[in-house]
Amino acid sequence: FQSVVINYKNSFKQYTATNIVIIVTTLFLVFAYNSLAGTIINKTLTIAIISAINFFACETYLKKSWQRGASYVASIVIAVLFEKLIFSNTSIGITRICIGYLIIVFLVGLMQAIKNTKADVGEYSVKVLKNLLNVGIVYAILNIGLTLISLIFISLILSYKEFGLLGRLQIALFGLLVLPASLVAITEIKQDFSKFIKAIILYIMLPLTLLATAIIYIYMAKIFIIREVPANSIFRIITGLFIVAFPVWVMIDAFKKESKIVEKICKILPIAFIPFLLLQTYSICARIDGNGLTPSRYIGIAFIVFEAIAIFLSLYKERKYLIHTITTAIVLIAISTILPVANMESASNISQANRLKRAWRENQSFSELSEDNKKTAWSAYIYLSNQKNAKKYIPNYIDEEQINEYMTSKKDGYESDLYSTSVKYPEMYIIGEEEF
């Protein structure tokens with residue numbers, strides 16, 4: 001308990017403004033739980049979240065009081081500016097830009113926080129996982145206990161009134177316990193590994209990851225042996241597996257000196273994922289070629305790039321530069337959320353606009369188009385018409401009435417195509433007989 005108190009004091013000293021914003025915002029929401037309109041709460045939370053993340057990054061880097069003071073002022077100005085733009089509804093994509101900005105600022109601060117601990121990425125990851133598990137266990141116990149006590153109090157003392165007390169309790173637990181404790185968890189990692197966390201990583205997470213990897217290899221063999229089209233879900237499955245496997249092979253690096261088997265797995269597991277990149281690339285390219293680019297497919301491409309760089313850094317010079325996986329994530333997020341034209345929304349709109357123009361050329365009526373071009377034009381038009389700046393991308397010669405009239409007669413068939421979760425592969429991507 002004494003070490004927990006010391007860690008919290010050190011964290012509060014290092015991240016004073018961040019903790020103050022969290023505590024003050026939590027108390028504000030607890031006491032004003034039933035008395036404020038939703039808009040006021042949303043605006044308050046927006047300013048508080050942006051300010052807290054800005055403060056975290058500033059306090060991670062800056063030590064001098066005058067530097068911190070100037071950064072606090074700049075952080076609040078940025079937070080207020082984003083709040084005004086988001087709730088004014090005048091700037092297209094401002095929410096996307098704000099989310100990208102917050103993730104980037106947090107990652108920049110996290111990168112420096114890792115460097116401040118002077119631990120390698122593997123050791124840092126293991127200790128942070130241990131800290132976060134401790135936070136989760138304490139939160140779960142307190143949440144269950146206090147919720148039961150609150151229900152007893154409400155039923156016996158308040159005669160089943162004021163159930164808003166439960167909402168206040170959840171806000172208080174999250175703001176006064178989970179967030180400050182999580183901040184301590186990612187910045188204070190002085191304790192050694194515990195046997196419990198070692199057992200979870202080496203004897204639970206690692207075997208499950210290896211088993212899932214083996215299943216994907218068996219599936220890949222099946223694809224080539226019976227020459228079938230990869231399942232529509234394969235991209236999501238491999239992506240989910242990487243999200244689990246990457247932290248696992250990062251963390252087991254901290255235990256590689258204890259066993260030669262673990263040391264070999266540290267080297268083999270990243271290599272084992274290289275063929276998966278090809279399968280993911282095949283899958284996402286087939287979808288884009290057949291149905292155009294969308295934000296989710298854009299993110300898929302960005303994630304493949306991230307995976308490739310993460311695998312390379314996991315194999316290069318004994319993971320000396322593995323921390324730059326965070327740098328990679330920062331660059332990709334900046335491109336996909338903030339960069340003009342190349343961001344996920346603009347690039348997707350341009351792709352769908354090009355599909356629409358190729359399928360329905362100028363001086364053609366909709367009835368003159370082939371059946372395939374009608375489907376393509378309809379799907380691209382539907383996508384673009386749901387965008388805020390649709391007029392910028394939909395050509396002036398497109399006749400909405402012609403599309404709607406035609407689609408009314410074909411409604412059931414088209415709706416099943418448009419909203420189906422499966423994707424039909426273009427012929428060039430079909431290995432053998434296509435199955436759905």
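Arg319 lies in the loop between helix H12 (295-315) and helix H13 (324-337). Helices here are DSSP runs of H or I with at least four residues, numbered from the N terminus. The model is predicted: local features need pLDDT of at least 70, side-chain atom pairs count only at pLDDT 80 or more, and totals for chains, interfaces and linings use all residues. Residues are numbered from 1 along each chain as its sequence is written, and side-chain values use heavy atoms, with hydrogens and water left out.

Look at the backbone of Arg319. Its phi is positive, about 65 degrees, although Arg319 is not a glycine. Most residues other than glycine have a negative phi. Is Arg319 buried or exposed? Arg319 is buried, with a relative accessible area of 11%. Buried means under 20% relative accessible area, exposed over 50%, and partly exposed in between (1.4 Å probe, protein chains only).

Now take Lys118. This residue also is not a glycine, and its phi is positive at about 60 degrees. Lys118 sits in the loop between helix H5 (94-117) and helix H6 (121-156). Lys118 is exposed, with a relative accessible area of 77%.

Return to Arg319 and step to Trp249. Beyond its neighbours within four places in sequence, Trp249 is in contact (heavy atoms within 4.5 Å) with residues including Arg319, Phe242 and Phe273.

Trp249 also belongs to the largest nonpolar core, which has 58 residues. Such a core is a set of buried Ala, Val, Leu, Ile, Met, Phe, Trp, Tyr and Cys residues joined through side-chain atoms within 4.5 Å. Phe242, Trp249, Ile252 and Phe273 touch the most other members. Helix H9 (residues 234-251) gives the most to this core, 11 residues. A second, separate core has 19 residues, among them Ala353, Ala359, Ala380 and Leu384.

Technical notes
Helices (H or I, at least four residues) and strands (E, at least two) are DSSP runs, numbered from the N terminus.
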